[in-house]
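Please look through the two chains shown below before reading the report.

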Amino acid sequence: MTRIPSSIARFSFAVRPSVVRLALAGILFIPTLAWSQVPQPQADVAEDLPGNSDVTAVIDGGGMAQLRLAFPSITVRTGTAADATAAIGAFETALREDLEASGVFEIQGPEDLAVLALTGVQATDFELYRSLTNQSVLVAEAYQEEDKFVVEGRLYDLASQQSILGKRYRGTFDLSRRVAHTFSDEIILYFTGARGIALTSIAFNSDRTGHKEIYLMDYDGENIRPLTGHNSISMSPAWAPTGDNIAYVSFFAGAPGIYRVDLATGAKQPIVTDGNLNSSPDFSADGRKIAFTRSIDGNTEIFVADRDGSNLRQVTRSAGIDTNPAFSPNGTKLAFTSSRAGNPHIYIMDVEGTNLQRVTFEGTYNDGADWSPDGTRIVYATRRGNAFDIAVTDLALLDTKVLTTGMPGSHESPTWSPDGRRIAFSTTANSKSQIRVMTLDTGEVKTLASEGNNMSPDWSPYPPR
Amino acid sequence: MIRNGMIALTSLVLLTGAVACKPKPKTAAAPVIQSVEPTPTEIAPPPTPTIEEDEQAWMNEELARVTAEANARGLLGDIFFDFDRFELSADARERLAKNARFMMDAPQFVLTIEGHCDERGTNDYNLALGERRASAARDYLVSLGVSANRLRTISYGEERPFCNGSTESCWSQNRRGHFMVSSRTTDG
């Protein structure tokens, strides 16, 4: 499996001074933040638990180094009812999946740790965890408070035996996975300096009802819900960077047009629907502009408009096909596909249409560029015989790596996760299309949605915090 | 009760701790507080758009019969394209000449030309490619004398394959321009 340089590897793993600095025991209780505008589901409380940040470096970042983490079973206090226990179990499962999927850790779970004769004395047990080459341990205790479950999780550095991160979460039983995602993101942030992505989502299209519609799912493929019900062809979802609405293409009015769905209300509204063809929307990072493909008398060109579809400006003029624009993260450039040189290749230009530069030269068909969050690379589909692979090109070096070499099927529509550490794409094999996520550090690939054909993933931005 | 007492105690402890540990966070490593932000889990599908009826109108039986009868006479047949190409082959031009003759003989009809692609290539690119295929057919019909305002085009890209399968035989059938009598001219 091809691996590309880990973003983690570039980050020094030295543990930095942390907020969690309180050396004394006790629980800091902070009132619930107001989420009055979004009443459902019920909000949770999270608190920092006392810890100690005076910890020596854990890992010297380099290559594929992973943090070696012991994660024994969560202790459930006696007196916890069955439904609360089930919620805590779901929390633990999701947290283990999140941490495992992050690629940041090499985790020893209860089965790995079963060889140890634990004593119940923390100092002794920490030495035992350490004897299995673990560098940190995640210790969590959970209990019930009326109709909610509470989890207190603490991370310890095993060399110093000091607490380096402590959190308490409380939530209704239905929020167990969400609480796990939240805690996982905090742990990832602590160790890598970048937020985890367990609270992000992926928009995609699926034909599971017999018509292509737009859907949303959590980053791990859970919690799938429909966004459209046009009973037509709806495709090409594109997140607004504000995370509260998604643009998409639909044929329900006849000609393909660009619409927007508000995620809070489900309300739809047209963005650009006049003319013969409007497709492939993409928002600028500030959310103020939208780039898309528009047909001028049968020839498709790239246009940029304000986010509501006003102030249309044509930014390409070529006899070839121009399509699939993607704003750079800093909003100054557009990557797009053009057949102006005979075959589809990826080009980059300023948003005004100036300073055109071709960036793919290999093969005869490259399409569907998505920028890495740091703007240094693009990922796209590249043709290999009758199938496509996912490739990454470094824009400074114009150096290309294929990520899906040897993976059966045809792979397209790549989209970067907001932390830049994963790529979601769709794979068509045996006449079935599924969405997959590759963790770039490890090359590990996971298949997400499975019902019907699922394609065209677009990864959400980070949710607001 | 116990908890309230504990809160008071811990607040005190916190205060002491905060004073004792003067250095405050320098980085964003561990935020002070988090709340799980809820997102709506259910989004109601919208009512079925009424515009759907327009699409049905294209299918209306009478016009479909006109198309079928033309097909039976060897007219309004599909034209086919090479992979990733929208140029018209000699065969396609021959077909289009027949289709043009039908349109000249039946001035009361409006023709919709659908551009289709095989499943290879990306969905977005294929929408653009289908648009080019449909408009290449339209432009040729116009060059043969058919009035442009009696011709409509729509690209379905790879979204509506004629043949389902991943073989060259299927792909070649799916790279096509498809012709359907879609309405009557208002003046015809």
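The report that follows takes the model first, then chain A, then chain B.

## The model and its numbering

This is a predicted model, in which local features need pLDDT of at least 70 and side-chain atom pairs count only at pLDDT 80 or more, while totals for chains, interfaces and linings use all residues. Residues are numbered from 1 along each chain as its sequence is written, and chains are lettered from A and ligands numbered from 1 in the order in which they are written.

## Chain A in outline

Chain A has 31 strands and four helices, where helices (H or I, at least four residues) and strands (E, at least two) are DSSP runs numbered from the N terminus. Of its 465 residues, 51% are buried; a residue is buried if 20 or more other C-beta atoms lie within 10 Å of its own, exposed if 12 or fewer, and partly exposed in between, with the C-beta atoms placed from the backbone.

Two residues are in contact if their C-beta atoms, placed from the backbone, lie within 7 Å. Among the contacts in chain A between residues at least 6 apart in sequence, 48% join residues at least 24 apart.

## Two packed helices in chain A

Two packed helices are described by the angle between their axes and the distance between the axes. Helix 1 (residues 82–102) and helix 4 (residues 176–192) of chain A pack at about 35°, and their axes are 8 Å apart; axes are lines fitted to C-alpha atoms, for helices over the stretch in contact, and angles run from 0 to 180 degrees between N-to-C directions.

Among the residues that meet here are A:Ala87, A:Phe91 and A:Leu95 from helix 1 of chain A, and A:Phe183 and A:Ile187 from helix 4 of chain A. The residues of this contact divide into 11 nonpolar, four polar and two charged, where Ala, Val, Leu, Ile, Met, Phe, Trp, Tyr, Cys and Pro count as nonpolar, Asp, Glu, Lys and Arg as charged, and the others, Gly among them, as polar.

## Nonpolar cores

A nonpolar core is a set of buried Ala, Val, Leu, Ile, Met, Phe, Trp, Tyr and Cys residues joined through C-beta atoms within 7 Å. The largest one has 67 residues, and A:Ile246, A:Ala247, A:Tyr248, A:Ala335 and A:Ile423 are those with the most contacts inside it. Apart from this core lies another, of 38 residues, which includes A:Leu67, A:Ala87, A:Phe183 and A:Ile187.

Leaving aside neighbours within four places in sequence, A:Ile423 is in contact with residues including A:Val379, A:Leu403, A:Trp416 and A:Leu440.

## A sheet in chain A

Strands 27-28-29-30 of chain A, in that order, form an open sheet with antiparallel pairing, and two strands pair if DSSP finds at least two bridges between them. Its edge strands, each pairing on one side only, are strand 27 (410–416) and strand 30 (445–447). Strand 28 (residues 422–429) and strand 29 (residues 432–439) of chain A are joined in the antiparallel sense over eight bridges, and A:Phe425 stands opposite A:Arg436 in strand 29 of chain A.

## Chain B

Chain B has six helices and four strands, which follow the pattern α-α-α-β-α-β-α-β-α-β along the sequence. Of its 188 residues, 38% count as buried.

Four strands of chain B form an open sheet of mixed pairing in the order 1-4-2-3, with strand 1 (79–80) and strand 3 (151–157) of chain B at the edges. Strand 2 (residues 109–116) and strand 4 (residues 176–184) of chain B run antiparallel and are joined by seven bridges, and B:Val110 stands opposite B:Ser183 in strand 4 of chain B.
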